[in-house]
Amino acid sequence: MNAHSHARYEALLKVTGQARFEGEIAPAGLLHATLIEAPIACGELVSVDAVEAPTRPGFATLVTHDDSASLKSSAATTLIRETAIHFHGQPVALVAASTLAEAHDAARAVRIATAARPAVTQMDQALGAAIAPEMVGRFPAATRRGDVATALGEAELVIRNRYSTQVNNHHPMEPHVVVCWWEGPKAVVHTSTQAIFATRATIAQAFDMPPRNIRVLARFLGGGFGCKGQLWWPWMFWAMLASRKTGRPVRLELSRAQMFTLVGRRQQTEQDLALGFANGRLTAITHDVVAQTSAHTDYSDSTAVYSRLLYACPNVSTTHRLVRTNEPQPVPMRAPGTAPGTFALESAMDEAAERLGLDPLDLRVKNFADHDQETGRPWSSNSLLSCYRVGAERFGWADRQKRKKRDGRWTIGFGMATTLYPAIRQACRARVRLNGDASLVVQCGTQDMGSGTYTALGQIAADALGIPMAKVTVELGDTWLPDGPFSGGSQVTASIFPAVQSATAQLRAMLASMAASDANGPLGGKTSDDLDFEGELIRSRSSNAAERLSDVLARTAPDGLVAEGESAATDHPKLAATGMGHGAVFVEIGVDSALGEIRVRRVCAAFAAGRILNPLLARSQYVGGLIGGIGMALHEQTLTDRATGCILGKSFADYLIPVHADMPEFDIAMIEEDDPHLPGSVKGIGMLGSAGIQAAIASAVHDAIGKRIRHLPIRIEDCLGPACDTAQR
Amino acid sequence: MSGPSFHYIEATRLDDALAQGARHGATYVAGGTDFLQLWKTGLAAPKTVIDICRLPLAEISYAGDTLSLGALSRLSDVAAHPDVKIHHPLIADAILASASGQLRNMATLGGNLLQRTRCPYFRSAGLACNKRAPGSGCGARDGENRHAALFGTSSGCVATHASDLAVALAALDAEIVVASAAGERRLRLPDLYLLPAPTTAPDSSLADGDVITAISIHDACRFAPRSTYLKIRDRASFEFAVVSVAAALQIEDGVITAARLAAGGVAPLPWRLHGSEAALVGRAPGKAAFAAAGDLAIEGATPLAKNAFKIPLLRSAVIRALQTIGGVS
């Protein structure tokens, strides 16, 4: 496999507006729907008075819990089958009309009666009622190895702090949308989802119909970051019910404000972390996490999981607890677990280095874990030490204290931290068709969130068969295609790689045998291991002989060839080695402590995540991830009004994300790894940029102004020091 | 989202607009950058919208040391105008610190001065807000109030005014020209705004149907060599001020002969710092004078639970602005 920085497969389609996003599908007779929201955070829906709404112009139908009674009971239908209200803004009805304005108008005419109960609107109101989940994702929620209490008691240095992170929202540019209709017993569902097959399975279950009668399409997505999954399904079901009631296609798109309440969030955390050291080595880690979940569903990030394995340490104890509040439901958000977890762990490591009189980088190197100490397994590959070395060199880490510490009004600070994310695969299938003219079609029912899946699919197949990308067609985002992986957990490329490789290997074998079996052809009698595929030719390695792919096909398979391949999911219990991607991120920040302002000036990050298929797209993923990390570190915070449970400031004017002026230069190094345990040495990369940088920024703030900030986001009031007239200038 | 339907009138003459605008349930729209947000979220639900953006009120002139800015001038045009850039750079600075390039291309001067507060309780339908729903209370006072005002608040409203431009204009003693069916009148800029009462908090003193036609700034070019707009915000661009300071000095023979200071993000209206100004005039620019101005700027500031940091921030911002234009630190 060769790395190649192909431009995005769909670039031209997107910049010329030809890429059709699912919300742009506009069948004849389309109705537009809107959701009516509960004005209370906790209680019961008493009644929906829709006497007046049907008299409004354009009104088509109203869908309520009564209509949901026809759906099977499941996790995806609870909120629309039961009348309990769990959070402010929870939808209680859907109205469809001829135009969106008419739908909004009719919705305003619907009278909702609710009975409120006292609500828990913030985590601190119910800390005593925290519950302990059994699992956090696929990991046990609580673990203990060694004797933590003794180790902490005997440690030469103990760093013990509380770290807190705020609620963030995902906010892909494209909100959730569905355009759906029924064709007799069959449903067609165009929707912006990270998981078309899971969406199909959930519809099949809720509507009690065979999956083959459901077609789900998501061919282009304007981002996802983890929120385009299960929390969207109830409202999508209501749109489908509206379509079934009216016999017309229905379109529902969430508003930006609803993106704050209906489709998930990164949960708030309070993390108690203690590190014990002897001779500069970690002897004990305790990491106890309390996080917010909703009143109706328990969800926990794997926040403390990475404290079990990032560093060598014999005594480790971790726990996760959840506080149920009448706030929206959390779900995974880019770098789930690692973003908040490394903020605590890596911030504490920086503090430890200071107390031990060690360079923060040296302390990390000294505590490097040469195997996965939680499972006892080796790493499938681990180039973290190279990340530290390469990143430090490119950043100029060793010389940082010689650099000037002041630039005009800015006091300069430097910080670094580690990032990591597991390398895992899902089972999936892919189909590759080689046409008679040697053009290629690659098919896989996965999604491209904008991260480059089209390109990766095409590139893997094209490379294996020596065909230029210009002759490759990629089809994805349709449940008529072979089962593809959901787009989450940085798994797609690693998952599709073996499937596409298997399909192309079959095609290569067929083609080689076809070329060699023609005694009069240029490759007649050659053995298949002598044959290579390059430049649209089948070429002999041992001689100058070659034949055009199209000639071989014209002679023996004018209609082309098709092959399907499969990937197996990561079999966690049977793994011989733990797969993990790593990175080291170095930042330079400026603080104007008289005014509290903080700006990131420079980021250098070195990542090791297996073999990189496309450095151009990989860089885009890393930089995008780092920008998200800057947002979590300095800007993003979703606020809940304590009195009402209402989310405040539900717009991009109030929920701040970094703008271009907040983004520094990014220097990205990619360290290639050969990984004997992972097919194609492919690891996921999407999450790596979004963790680590938060702690690096917090450490850089400390380096600049001597203040340890142990919460996110870090803002003006945190950095505000003495006034201008007392501070040095 | 879309708000309730309304009757749309495109005004071509000022007298027509004034007559239509005085009717019940009518509102004017010019650039629409704030109105659209309010309408889409249901916070503004006018029966009639009178689009005045084509009225001939976008002229910019400068004569006899009076700068006259047509109220329908676009922010970007004003910031780029030579008479503003060269003779009144404080106005250009404040505009360029506002919003984004796209918004400045649409937004008008008059609309900018009349934009509604960013207080999230005002912007969230259903929450207690005396400004939006008189008598409903103030959710911010005991709620999320990091953004809230330090001065001029009432028991019933702690909202700030969000305009950067208004802060610069207040510092330059701008006058507002207002037209109504009864004729034309002139207001000092601060008199355009009202302080909140215990249970109500209307933004402005304008009556239904009033239109701001122009902004007039007289005798201000003397501040051109020494003026600055300092805006402190949570990200580098495209964000409202946490605290801002418009500062202008006139220094002759090493002595401050005139000083203008106004603060944004701290009050329901652009907050002129008269005490600080008085402390500067007659003194040599320098550490002592600037510190005195900073100290006086925060006199009378009343913090809430989450905005107390704005007090030292305001003091620091005043001093920094004066250092920037005072020629000495």
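These legends walk through close-up views of a predicted model.

Residues are numbered from 1 along each chain as its sequence is written, with chains lettered from A and ligands numbered from 1 in the order in which they are written. Since the model is predicted, local features need pLDDT of at least 70 and side-chain atom pairs count only at pLDDT 80 or more, while totals for chains, interfaces and linings use all residues.

**View 1. Chain B as a whole.** Chain B has twelve helices and twelve strands (DSSP runs numbered from the N terminus: H or I of at least four residues for helices, E of at least two for strands). Its radius of gyration is 20 Å, close to the 20 Å from the globule rule for 329 residues, so chain B is as compact as a globular protein of that length (the radius is taken over C-alpha atoms, and the rule is 2.2 Å times the number of residues to the power 0.38). Along the principal axes, the C-alpha atoms of chain B fill a box of roughly 60 × 50 × 35 Å.

**View 2. Where chain B touches chain A.** Here 34 residues from chain B meet 35 residues from chain A (contact puts C-beta atoms, placed from the backbone, within 7 Å). On the chain B side, helix 12 gives the most, with eight residues. That side splits into 15 nonpolar, eleven polar and eight charged residues (Ala, Val, Leu, Ile, Met, Phe, Trp, Tyr, Cys and Pro are nonpolar; Asp, Glu, Lys and Arg charged; the others, Gly among them, polar).

**View 3. Inside the largest nonpolar core.** Of its 338 residues, V95(A), A239(A), I697(A) and V701(A) touch the most other members. Helix 12 (residues 492-517) of chain A is the top contributor, giving twelve residues. A core joins buried Ala, Val, Leu, Ile, Met, Phe, Trp, Tyr and Cys through C-beta atoms within 7 Å; buried means 20 or more other C-beta atoms within 10 Å of a residue's own, exposed 12 or fewer, partly exposed in between. Leaving aside neighbours within four places in sequence, A239(A) contacts A33(A), L94(A), V178(A), C180(A), V250(A) and L252(A).

**View 4. An open sheet in chain A.** Five strands line up in the order 9-17-16-15-10, with mixed pairing (a pair needs at least two DSSP bridges). Strand 9 (143-145) and strand 10 (157-165) of chain A sit at the edges with a single partner strand each, so one side of each has no neighbour in the sheet. Strand 9 of chain A pairs antiparallel with strand 17 (residues 315-325) of chain A over three bridges, and T143(A) has T318(A) as its bridge partner.

Definitions and conventions:
Contact = placed C-beta atoms within 7 Å.
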